[in-house]
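Q: Please take one part of this model and go through it closely. Start at its end, work back along it, then follow the side-chain contacts in the rest of the chain.

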Amino acid sequence: EMLVLASPGLSSPRGGAVSCVARLRSPKPLAQYEDPGPEHLRTVDGFLGETAETLRTVFDERFEEPRQAHPMRFCWDYWHVPSQYTLHRTQAASYFDEDAFAALTDALTAFGQRELGCRAISPPWLSFYVDGCEQRLHADVPQGPFAFVLSLTRWEERRFSGGETSLLRPETLDYWRGFDSSVGLERGSAAVRP
């Protein structure tokens, strides 16, 4: 599993947003830190460890037998907003048992507090995508300035293409300041895949 954290509030598939409600307070005077510049993207491999495998196993077990009908197979909202969103989603709090959900939210909250100076997270959503599903470029601004995507995809085992997250490059958000009419603009120069 992998956690991808992006700022300012840009997200893509499988996201929830971290609500930043406090600034990080440094124990040392800022003059003692070397300023590495802004960080717009952070990828953390192995973020949840065994908890990620537990969450993925819950999902797999609920879809293991296609003829078995039970409430957790029918809790998915097919969300379709033409030309913007097409996916299946549910609230993670309703899908996972209390312990697994607490492990997920505790880890996200601790990371936000420790690494970003955030106090809380917004309720995470769980989504899955089949052929034809997508989320087009959008900003989850109402949820806060940070967004995360926690992928439970077993990337080494996948037999499909797609599902990657794309983020706008920071300079794209301030496009006209550095505009150069002699340089073309294609997807690779406007967006990045972590």
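A: Start where helix H3 stops. The residue that follows H3 is Gly117, and its phi is positive, near 75°. Keep in mind that this is a predicted model.

Now the helix itself. H3 runs over residues 98-116, which makes 19 residues.

Next, the sides of H3. Its buried residues are Ala100, Phe101, Leu104, Thr105, Leu108, Phe111, Gly112 and Leu116. They cover an arc of only 125° around the axis, so they share the same side of H3.

Arg114 has 53% relative accessibility, so it counts as exposed. Glu115 has 33%, so it is partly exposed.

From here, move to the other salt bridges. The model has seven salt bridges in total. Glu53 and Arg154 form one of them, with their closest N and O atoms 2.5 Å apart. Glu53 sits in helix H1 and Arg154 in the loop between E11 and E12, so this pair ties together parts that are 101 residues apart in sequence. Glu53 is partly exposed because its relative accessible area is 37%. Arg154 is also partly exposed, at 22%.

Arg154 has another partner. Its side chain and that of Asp60 meet in a salt bridge, 2.6 Å from N to O. Asp60 lies in H1 as well, so this pair joins H1 to the loop between E11 and E12 across 94 residues of sequence. Asp60 counts as partly exposed, at 27% relative accessibility.

One is Phe59 with Trp76, edge-to-face, with 6.1 Å from centre to centre and 90° between the planes. Phe59 belongs to H1 (residues 50-62) and Trp76 to the loop between H1 and strand E5 (77-81), so the pair bridges 17 residues of sequence. Phe59 is buried at 18% relative accessibility, and Trp76 is buried at 13%.

Take the pair of Phe63 and Phe128 next. Their ring centres are 5.8 Å apart and their planes stand at 70°, so this pair is edge-to-face. Phe63 is in the loop between H1 and E5, and Phe128 is in strand E8 (residues 125-128), so parts 65 residues apart in sequence are tied together. Phe63 counts as partly exposed, at 29% relative accessibility. Phe128 is buried, with 18%.

Phe59, Phe63, Trp76, Tyr95, Phe96 and Phe128 form one aromatic cluster. Tyr95 also meets a charge: the charged end of Arg62 sits over its ring, 4.7 Å from the centre. Elsewhere, Arg89 lies over the face of Trp79, 3.9 Å from the ring centre.

Two serines complete the tour. Ser151 is in strand E11 (residues 146-151). Ser151 is buried because its relative accessible area is 6%. Its side chain reaches the backbone nitrogen of Thr153 at 3.2 Å. Ser166 is in the loop between E11 and strand E12 (167-168). Ser166 counts as buried, at 15% relative accessibility. Ser166 and Arg136 are 30 residues apart in sequence, and their C-alpha atoms are 9.3 Å apart in space.

Conventions
Residues numbered from 1 in each chain as written. Predicted model: local features only at pLDDT ≥ 70, side-chain atom pairs only at ≥ 80, totals over all residues. Heavy atoms only, no water. Helix = DSSP H or I, 4+ residues; strand = E, 2+ residues; numbered from the N terminus. Expected span 1.5 Å × (residues − 1). Buried < 20%, exposed > 50% of the residue type's maximum accessible area, 1.4 Å probe, protein only. Arc of directions from axis to C-beta. Phe/Tyr/Trp six-rings, centres within 6.5 Å; stacked < 30°, edge-to-face > 60°. Lys NZ or Arg CZ within 6 Å of the ring centre and 35° of its normal. Polar contact = N/O pair within 3.5 Å; in protein donor to acceptor, adjacent residues only side chain to side chain. Salt bridge = Lys/Arg side-chain N within 4 Å of Asp/Glu carboxyl O.
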